[in-house]
Amino acid sequence: MLKLMLACCKVYISESRNRAALKSIEKAAKLLTNLKMTFTTELDIPLYPNPSYGFCSLKNASFAMVKAAFETIDLQEHCGTHPRVGVVDHICFHSLGTTSLDLVADTAKSFGFEVGSNLQDAALTGVRQAYLIHGSLSIIRAIIVPTFLYGAAHQEGRSLDSIRRELGYFRPSSIESQWTGGSELQTLQLKPDEGPVRATQAKGVITIGATRWVDNYNIPVFTNDISIVSKIAKRVGGRGGGLPSVQSMALTHGGGTIEVACNLLEPARIGGDQVQLEVERLAK
């Protein structure tokens with residue numbers, strides 16, 4: 001019997017300036033669904049290439065977007081002030097309404113297998129075809145990606161934050177708090193749940209999980225001093241002894257603005273209004 005569920009999928013892709021790539025990604029999703037989709041890509045922020053896509057037709061559209069992103073984006077040509085571990089940095093599935101988290105977690109796990117295995121299979125097929133046509137094996141290799149599961153999709157409930165710390169997500173790779181080029185961790189310290197154990201410089205890795213709803217709440221601070229805003233971000237988040245269930249970090253935007261970027265893991269408990277007041281208090 002077919003099980004119906006109400007859920008949301010957020011897809012975070014490490015690009016906002018390559019309009020051709022973004023159009024290709026959106027087109028791939030729209031070809032597979034007639035449902036309304038929300039695309040939050042119209043962000044004209046030169047140093048902040050990390051748009052998110054939210055929509056309600058889950059697996060097929062998500063897979064099409066992931067495939068299109070891998071085909072059109074190369075991290076080796078990429079730089080920005082938002083951290084990332086891969087072309088498709090992060091995909092999160094959220095249960096909505098009365099839908100159980102376990103049901104959404106099964107969808108996330110199945111999707112992780114498809115990304116880690118089916119994309120690899122497609123890549124190997126492409127390699128054989130490329131060899132016949134071009135005599136080269138270099139064309140499709142980069143599409144194979146290690147896949148990490150988190151939250152309810154992981155058997156031990158591993159957190160997204162812990163995976164990111166293991167993979168160096170929070171450490172800029174170049175000056176001025178920027179992440180430039182491909183991943184330096186080609187041989188991964190953390191074993192992926194699906195896909196190969198090595199990451200490519202061009203595509204990186206992908207994290208996929210299932211959780212209750214998470215809010216993103218970002219507060220601009222008008223200064224060029226990253227050290228000041230980093231201290232505020234550290235103190236406002238639960239890890240630094242601040243608001244529980246809040247994760248925060250400082251991200252540079254340029255033009256005299258640095259952002260306190262927050263994940264609200266339990267927004268019904270600690271909401272954006274409380275975070276706003278705390279950041280304002282700490283900034284005085």
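The model is predicted, so local features need pLDDT of at least 70 and side-chain atom pairs pLDDT 80 or more, while totals for chains, interfaces and linings use all residues. Residues are numbered from 1 along each chain as its sequence is written, and side-chain values use heavy atoms, without hydrogens or water.

Start with helix H6, residues 272-283. Helices (H or I, at least four residues) and strands (E, at least two) are DSSP runs, numbered from the N terminus. H6 has 12 residues and reaches 16 Å from its first C-alpha to its last. That is close to the 16 Å expected at 1.5 Å a residue; the expected span is 1.5 Å times one less than the number of residues.

Which residues of H6 are buried? They are Gly272, Val275, Glu278, Val279 and Leu282. They lie on the same side of H6, because they cover an arc of only 125° around the axis. The arc is taken from the directions from the helix axis to the C-beta atoms. Buried means under 20% relative accessible area, exposed over 50%, and partly exposed in between (1.4 Å probe, protein chains only). The face turned away from the buried side carries the exposed residues Asp273 and Leu277. The cover over the buried residues of H6 includes strands S9 (215-221), S10 (246-254) and S11 (257-264), and helix H5 (226-236).

Now turn to the rings. A search of the whole structure finds one aromatic pair. The rings are those of Phe93 and Phe111, with centres 5.7 Å apart and planes at 65°, so the pair is edge-to-face. Rings of Phe, Tyr and Trp (its six-membered ring) pair if their centres lie within 6.5 Å; planes under 30 degrees apart are stacked, over 60 edge-to-face, the rest tilted. Phe93 lies in strand S5 (residues 88-95) and Phe111 in helix H3 (residues 101-134), so the pair ties together parts 18 residues apart in sequence. Phe93 and Phe111 are both buried.

Phe93 also touches Thr211. Contact means heavy atoms within 4.5 Å. Thr211 lies in strand S8 (residues 206-211). It is buried, with a relative accessible area of 19%. Its side chain makes a polar contact with the side chain of His94 (3.2 Å). A polar contact is a pair of N or O atoms within 3.5 Å; within protein, one must be able to donate a hydrogen and the other to accept it, and residues adjacent in sequence count only if both atoms are side-chain atoms.

Finally, Thr147 is found in strand S6 (residues 147-151). Thr147 counts as buried, at 0% relative accessibility. Its side chain reaches the backbone oxygen of Val145 at 3.4 Å.

Conventions
Lists of a residue's contacts leave out its neighbours within four places in sequence.
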